[in-house]
Amino acid sequence: MKKTKAVEPIRWRGDRLELLDQRFLPNKTVYVTCRTAEQVARAIRDMVVRGAPAIGCAAAFGVVLGKGSAKAHEVLRKSRPTAVNLFWALDRMKGAKDLEAEARAIYQEDLTANRTMGKLGAELIPERARIMTHCNAGALATAGYGTALGVVRSAKDKKISVIACETRPYLQGARLTAWECVQEGIPCTLITDSMAGHLMSKGDVDVVVVGADRIAANGDVANKIGTYALAVLAKRHGVPFYVAAPISTFDPKIPDGSHIPIEERPADEVTGYRKLRWAPKGVAVRNPAFDVTPAELITGIICEKGVVLAPNREGIRKLLG
Ligand code: MRU
């Protein structure tokens with residue numbers, strides 16, 4: 001099998017941050033250079049970099065570029081609302097004596113956490129499993145390796161395959177997850193989101209593994225829009241449904257999922273794609289970018305500290321110590 005270079009979504013160069021521009025993948029591999037906190041905040045807002053842990057890492061380096069100023073913190077805090085990793089990283093940077101060392105540590109710890117999660121998660125995956133995933137929770141969404149796709153990578157020897165939901169409207173599944181799998185020779189089948197129920201009803205899905213943007217104290221999980229529907233379908237068809245996310249994605253201050261802020265994104269992501277428009281002018285549009293999956297639909301949450309099966313308030317409290 002051909003050897004592939006690891007995907008590098010975030011490159012810190014000492015005086016600047018280089019971000020792989022995910023808006024153009026898989027067609028073009030270009031990096032955006034950020035020299036100020038404002039540029040990093042814009043890159044997060046505009047989805048140059050996306051995925052909860054990657055947003056946290058990028059923001060940490062944004063604070064370094066902004067020399068830890070209140071203005072840098074403010075502009076980064078406003079970049080996107082749902083992924084708690086952003087606020088977790090900014091809070092951590094506030095308490096740091098050496099900003100660059102702290103940002104590097106946040107990045108390194110994320111890489112390590114993903115490898116650990118991968119190992120723990122792979123134990124839950126049966127031989128030859130057909131693993132459905134949603135959005136992109138891969139190397140691109142993290143410092144590297146990935147959360148849900150980290151589990152997939154670690155289970156590669158079990159001859160697994162991936163079913164990637166395309167993830168309307170922003171197509172993170174079709175563009176990013178499919179690309180990561182193809183790059184690495186992981187067998188991957190792309191489907192549109194509405195095909196998931198049919199495949200589950202036919203017995204074509206063995207397990208679902210997704211990432212998370214924020215996990216409330218009771219185990220409710222916010223993740224990419226469409227995750228909730230997959231969890232309901234998985235329950236209906238007896239398919240195990242796992243969430244893989246690092247400790248930085250837990251928000252114990254949020255009692256349950258109903259309190260998680262859900263980002264609403266621009267209407268033009270729904271009415272068309274890039275320059276192409278298919279919906280009539282004048283139609284009303286909703287574009288919530290995330291939804292909440294209640295803990296009761298989740299078989300287990302995989303994080304670097306362990307796996308919480310049938311997550312609930314008690315289990316999450318124990319995990320977080
Ligand atoms: O809008 P995005 O692309 O930032 O949303 C990303 C997701 O929902 C991911 O599943 C989540 O951040 C986990 S990434 C390891």
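## Ligand contacts

A polar side-chain atom of Arg50 lies 2.8 Å from an oxygen atom of the ligand. Arg80 also reaches the ligand: an N or O atom in the Arg80 side chain is 2.8 Å from a ligand oxygen. For Gln172, the distance from a side-chain N or O atom to an oxygen atom of the ligand is 2.9 Å.

In total, 18 residues surround the ligand (a residue counts if one of its heavy atoms lies within 4 Å of the molecule). The closest are Arg50, Ala52, Asp213, Asn223 and Lys224.

## Model and conventions

This is a predicted model, in which local features need pLDDT of at least 70 and side-chain atom pairs count only at pLDDT 80 or more, while totals for chains, interfaces and linings use all residues. Residues are numbered from 1 along each chain as its sequence is written, and side-chain values use heavy atoms, with hydrogens and water left out.

At the interface, 28 residues of domain 1 are in contact with 28 residues of domain 2 (contact means heavy atoms within 4.5 Å).

The area buried between the domains is about 2300 Å² (accessible area, 1.4 Å probe, that two parts lose on being put together, summed over both). Carbon and sulfur atoms give 53% of that area. Arg50, Thr82 and Val84 supply 26% of the area that domain 1 buries against domain 2, more than any other three residues.

Glu263 forms a salt bridge with Arg80, with the closest N and O atoms 2.8 Å apart.

On the side of domain 1 that touches domain 2, α2 (52-65), α4 (84-94) and α5 (99-122) each supply at least two residues. Helices (H or I, at least four residues) and strands (E, at least two) are DSSP runs, numbered from the N terminus.

## Backbone features in loops

The peptide bond from Leu25 to Pro26 is cis, with omega near 5°. Pro26 sits in the loop between β2 (17-20) and β3 (31-34). The bond from Arg168 to Pro169 is cis, with omega near 5°. Pro169 lies in the loop between β5 (161-165) and α7 (172-184).

Cys135 has phi near 60°, a positive value in a residue other than glycine. Cys135 is in the loop between β4 (130-133) and α6 (148-154).

Conventions: Salt bridge = Lys/Arg side-chain N within 4 Å of Asp/Glu carboxyl O. Polar contact = N/O pair within 3.5 Å; in protein donor to acceptor, adjacent residues only side chain to side chain.
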